[in-house]
Amino acid sequence: MKYDVIIIGAGPGGIFSAYELVNKNPQLKVAVFEAGHALEKRHCPIDGVKIKSCVKCKSCSIMSGFGGAGAFSDGKYNITNDFGGTLYEYIGKRQALELMQYVDEINMEYGGKGTKLYTTAGSGIKTDCIRHDLHLLNASVRHLGTDINYIVLENIYNLLKDKVSFFFDTAVDTVDILDEGYQINTADGSHSCDKLIISVGRSGSKWMEKVCKELNIPTKSNRVDIGVRVELPASVFAHLTDELYESKIVYRTEKYGDRVRTFCMNPKGAVVTENTNGIITVNGHSYEDPAKQTENTNFALLVAKHFSEPFKDSNGYGESIARLSNMLGGGVIVQRFGDLIRGRRSTPGRIEESFLTPTLQATPGDLSLVLPKRILDGIIEMIYALDKIAPGTANEDTLLYGVEVKFYNMEVEVDEKLESRYKGLYIIGDGSGITHSLSHASASGVHVARNILGE
Ligand SMILES: Cc1cc2nc3c(=O)[nH]c(=O)nc-3n(C[C@H](O)[C@H](O)[C@H](O)COP(=O)(O)OP(=O)(O)OC[C@H]3O[C@@H](n4cnc5c(N)ncnc54)[C@H](O)[C@@H]3O)c2cc1C
């Protein structure tokens, strides 16, 4: 079977490409190949009772399957060029924002109606931040929540399933360049197409690197963000989260001049583990449904590291730090801020006695044995800075989970159409190293689809 378009990866990038293609031209023969499961078969076995930590499934249901890494995410669609990727560098700021707004309209049409759109515009919090040398980035944030996000995905899948051929549990092994078009090879056989869209996200980072090497597509090293996930009583951050839901705040440390930033804020949410290529790191999410909410808020504090010469492997550096925490803690380590400051490890007893109940069962330990001093010093400085706008952040019982690592894919060389040096071969979403978020990845999918449609 020869398809007009094959899409590799059914994350937001791949889904929005498929949506735009068949919605605008129902005659097109489109196939999507996805290494993970169909949406209804995606289940992480961690139930907090029988299975408390990652059992390293062959296909991680948090990262892979219909919906991609976004399926069980908090569903925060940040409509901004200030963070979440550098798509605007390729397609221009106005167009990038328009595409993100278009994605938002589709999400509203397929189940998101009634969810809240938060904005930093005109917020007094910005002034409060700047008075303490903290910098609030501009954004509008659509918060779908994990539950509504799932419903939107379910509705979009139901729309697409009769118009697009989906191949789940089918990882693409290699890509061949034909005289006309492309061939993808899987364990179950090969398929060809005129145009190929690769949208393999972070979980496909190693595969993407391999394909770029084989096809001689230039790449350049990207950064890695390393830090911790902070968990505290929801009331400490309520004045920020009630107004903005998510506040992206950047702080430049006095000691080293490094930038530390808040990332992925989950009011009344839960801390979760994440498995990227067998390495266990920490993340977080929250539900729109009040019945599923917790009494805690969590967010990450991250420091960006970028290596170029002679050591280029920024991701390898992040992986080594995550491996160290996996070695010491068997997975994620949790430490009370008070214990960290006193230079002692947290123990199960100290965690038990604290006033804050962790939402993730992690191994009590000592993050100073894992994180490089410079990164840890930056995080501690930022916690004290945040304490000025949200008193209680630097409390003894504030929990730090480590490590949180944001891996960024190698940035793949593509043009303004997101087309590689091969005509008709597009590389989009987080897999391209250009986007790092739901909204940017989805927007890149629409952009490429419109290009294929000749719009
Ligand atoms: C727990 C969690 C919470 C998050 N919360 C947010 C949030 O609130 N807001 C936000 O903006 N971002 C969030 N993110 C990040 C967001 O999910 C990603 O930026 C987004 O999903 C990227 O979309 P994508 O389509 O580029 O890639 P992905 O969503 O990663 O999808 C890529 C797909 O490709 C498949 N694949 C990989 N290799 C192959 C192969 N060789 N053959 C076939 N298929 C393959 C994978 O299985 C995967 O399903 C979160 C991520 C996680 C893990």
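Biologist: Where does S325 sit?
Modeller: In this predicted model, S325 is part of helix α8, which covers residues 314-329.

Biologist: Is S325 buried or exposed there?
Modeller: S325 is buried, because 28 other C-beta atoms lie within 10 Å, and 20 or more is the cut-off for that label.

Biologist: And which residues does S325 touch, leaving out those up to four places away in sequence?
Modeller: Those are V332, I333, V370, G402 and V403. As for V370, its C-alpha atom is 5.8 Å from that of S325, although the two residues are 45 apart along the chain.

Biologist: Switching to the ligand, how many residues are around it, and which come nearest?
Modeller: There are 46 residues around the ligand, and G9, G11, G68, G201 and G429 come nearest.

Biologist: What's the shell like by class?
Modeller: The shell has 24 polar, 16 nonpolar and six charged residues.

Biologist: Which helices and strands each supply at least two residues of that shell?
Modeller: The helices are α1 (12-24) and α12 (438-452), and the strands are β3 (76-79), β15 (270-276) and β16 (279-285).

Biologist: You mentioned β3. In what sense does β3 pair with β6?
Modeller: β3 and β6 (residues 140-143) are antiparallel, with four bridges between them. In one of these, K76 has H143 of β6 as its bridge partner.

Biologist: How many bridges join β4 to β6?
Modeller: Four bridges link β6 with β4 (residues 116-119), and these strands run antiparallel too.

Biologist: Which residue in β6 stands opposite Y118?
Modeller: That's V141.

Methods. Residues are numbered from 1 along each chain as its sequence is written. This is a predicted model: local features need pLDDT of at least 70, side-chain atom pairs count only at pLDDT 80 or more; totals for chains, interfaces and linings use all residues. A residue is buried if 20 or more other C-beta atoms lie within 10 Å of its own, exposed if 12 or fewer, and partly exposed in between; C-beta atoms are placed from the backbone. Two residues are in contact if their C-beta atoms, placed from the backbone, lie within 7 Å. A residue is near a molecule or strand if its C-beta atom, placed from the backbone, lies within 6 Å of it. Ala, Val, Leu, Ile, Met, Phe, Trp, Tyr, Cys and Pro count as nonpolar, Asp, Glu, Lys and Arg as charged, and the others, Gly among them, as polar. Two strands pair if DSSP finds at least two bridges between them.
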